[in-house]
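Hello,

Here is the structure I promised to pass on. Please have a look, then read my notes below.

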Amino acid sequence: GKVGGPSYQSGSRREGRPVAAPGVEAYSLAMSSHPRALDDLLDRFFASYDAHRPVNATFIGRHRLDHLLPDFSEEGAGAALADMDALLREGEGIDTDGASDTASDTGRLDLRLARGFLRIQRWEYGSLHFHRGNPCVYTGEAAFGILSLFLSDFAPLAERVASAEARLRAVPRLLASCRENVRRAPPAWTERAVRECRGALALLRRGLPGFLSGQGFGGGSLETALDAAAGAFSELRDWMERDLLRSPTGGYACGEEALRLYLREGHFLSEGPDEIVSYARERLAEASRALDRRSRELGYADPESALAALAERHPPVDEYYGAYQATWDGMRSAAEAHGLVTWPEFPIRFVARPEWAREAAPDLYFLFYRSPAAFRRPAVHDHLVTPIDASMPADEQRRLLRATNDSVIKLNHVIHHGGIGHHVQNWNAFRAASRVGQVAAVDCASRIAMFCGGTMAEGWACYATDLMAEFGALTPLELLAELAGRRRMCCRAIVDVELHRGRMSLDDAVALYREEAGMSEAAARSEAVKNSMFPGAALMYLVGTDGIHDLRRKVMSRLGKRFSLRRFHDELLAYGSVPVSLIAEDMIRRAPDAA
């Protein structure tokens with residue numbers, strides 16, 4: 001099928017590797033095949049990636065290590081660092097700048113991204129932000145090491161149960177290494193890890209046993225493995241509540257040097273922290289003024305009153321599930337009518353979150369839309385929505401329907417995630433020539449597979465919402481919700497930079513979200529804690545979105561009347577999940593001047 005314009009043809013592929021490279025035209029990235037030496041280096045890079053991140057590998061769709069969990073022991077971390085150093089030394093011998101007959105454009109891009117990933121990982125392995133000082137690393141990997149095997153039907157259930165049993169037996173060792181490595185931790189991280197233990201215990205003691213027994217699996221060694229894993233989570237929770245919470249540290253900031261590393265080697269930005277904060281504050285003021293003005297124009301006293309009105313616009317309970325598909329159909333029709341993008345045949349279905357996961361999900365990083373695997377994915381992808389049915393108490397039905405109203409269904413579930421946003425972008429990424437671009441934005445245990453995929457993945461999804469608004473797909477009140485999202489995006493960038501430079505405390509970040517983004521105390525605190533755990537990740541939304549808008553303006557200026565919006569979007573998406581800044585460099589370089 002066609003991917004990114006008339007000449008972009010998808011080729012066959014084997015697991016983890018493109019076999020046939022697509023053609024190129026105009027200002028798309030040259031996609032010649034990789035030279036053997038570079039290809040071998042990338043083979044070793046991904047083999048090392050999987051070996052030290054087996055849960056990520058499962059989510060990506062490489063299933064050779066589905067029986068393993070990460071090894072954060074001194075020996076395991078040392079082996080990972082040794083691999084990183086060896087790969088960096090070998091990669092340093094290859095020039096990624098300018099023309100070279102030793103690598104294709106795509107190969108040079110992948111090498112550049114791999115180097116950046118390794119340099120960031122070297123910092124993370126030595127920092128107190130990850131396995132040396134954050135208990136959530138352990139609880140997330142252990143819980144999703146199991147969940148990753150049951151969230152999609154990528155293999156017969158018996159195979160997945162066998163892998164799960166092996167991982168369950170490995171959980172006690174992984175969680176024991178948390179107690180060995182994490183001596184002190186910021187209290188908010190410990191509290192989050194305690195909640196994740198609670199979710200994991202619900203999964204292991206009630207959710208999975210009930211599901212598996214219903215499928216004919218249970219008892220014997222599987223039951224023993226489930227009990228052992230649950231016992232390990234219980235012990236870790238008790239230790240954190242008894243000891244770790246009494247040894248707090250306020251170290252939420254990664255420090256300016258590390259933040260600059262993420263900006264330089266992950267997002268590949270030329271802008272520094274001061275420029276990003278200044279830009280975000282200017283855009284925040286603009287969004288707030290526009291929100292105030294449009295609220296008054298619609299007859300509301302303030303934005304909060306206008307946004308509250310959205311909660312009352314929701315489907316009746318008997319039409320709730322159908323509303324997702326009906327909205328999806330409408331948004332696809334609108335996108336195709338306006339020629340916005342080549343919409344792929346990439347089936348998705350909106351289904352209720354499975355019963356076995358419902359008790360555990362609120363305490364875990366359990367996403368409604370989790371990126372499909374890049375490889376070996378089922379034919380249809382499930383988007384797991386909040387279950388609501390007539391058997392629930394009327395008050396609970398109303399509460400859930402107000403929280404999952406028409407605006408949330410359209411803006412969040414359909415446009416941003418399950419439609420033109422992440423789902424269409426993922427489909428294109430999986431077919432990209434860039435091997436890094438194929439996998440970087442796959443959702444894993446607590447974040448995407450590679451940091452460098454963030455500005456494209458989140459940037460495109462937020463830009464796609466702007467795009468649908470631009471072409472009339474949103475109601476006046478939904479336009480207000482989209483503006484409120486823009487306001488929150490700007491706050492994220494400010495918090496990300498200022499928190500990690502030590503210029504803002506966690507409480508300051510919560511206050512900013514509350515006062516400037518209109519978030520509740522609970523939502524503001526949850527967002528701030530997440531921002532504190534993943535330096536440089538929250539700013540990717542604003543940087544990526546506005547980077548795509550800026551690129552579009554520049555390419556339109558270069559091409560003049562020859563500019564095609566569909567073609568621009570198709571070629572942008574064809575790069576895969578790689579930094580918007582690098583895509584922009586290449587597309588502008590390749591765009592001819594207007595006649």
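Start with arginine 122: at 35% relative accessibility it counts as partly exposed (buried is under 20% relative accessible area, exposed over 50%, partly exposed in between, with a 1.4 Å probe and protein chains only). Note that this is a predicted model, where local features need pLDDT of at least 70, side-chain atom pairs count only at pLDDT 80 or more, and totals for chains, interfaces and linings use all residues. Residues are numbered from 1 along each chain as its sequence is written, and side-chain values use heavy atoms, leaving out hydrogens and water.

Arginine 122 meets aspartate 85 in a salt bridge, 2.4 Å from N to O (a side-chain nitrogen of Lys or Arg within 4 Å of a carboxyl oxygen of Asp or Glu). This pair links distant parts of the chain: aspartate 85 sits in helix H3, arginine 122 in helix H4, 37 residues apart (helices are DSSP runs of H or I, at least four residues, numbered from the N terminus). Aspartate 85 is partly exposed too, at 25%.

The structure holds 47 salt bridges. Another one joins arginine 402 and glutamate 312, at 2.6 Å. Arginine 402 is in helix H14; glutamate 312 is in the loop between helix H11 and helix H12, 90 residues away. Salt bridges with shared partners also tie Glu256, Arg260, Asp274, Glu498, Arg501 and Arg503 into one network.

Now a buried spot. Threonine 465 lies in helix H18. It counts as buried, at 8% relative accessibility. Its side chain reaches the backbone oxygen of alanine 461 at 3.1 Å.

Best wishes

Terms used: Helices (H or I, at least four residues) and strands (E, at least two) are DSSP runs, numbered from the N terminus. A polar contact is a pair of N or O atoms within 3.5 Å; within protein, one must be able to donate a hydrogen and the other to accept it, and residues adjacent in sequence count only if both atoms are side-chain atoms.
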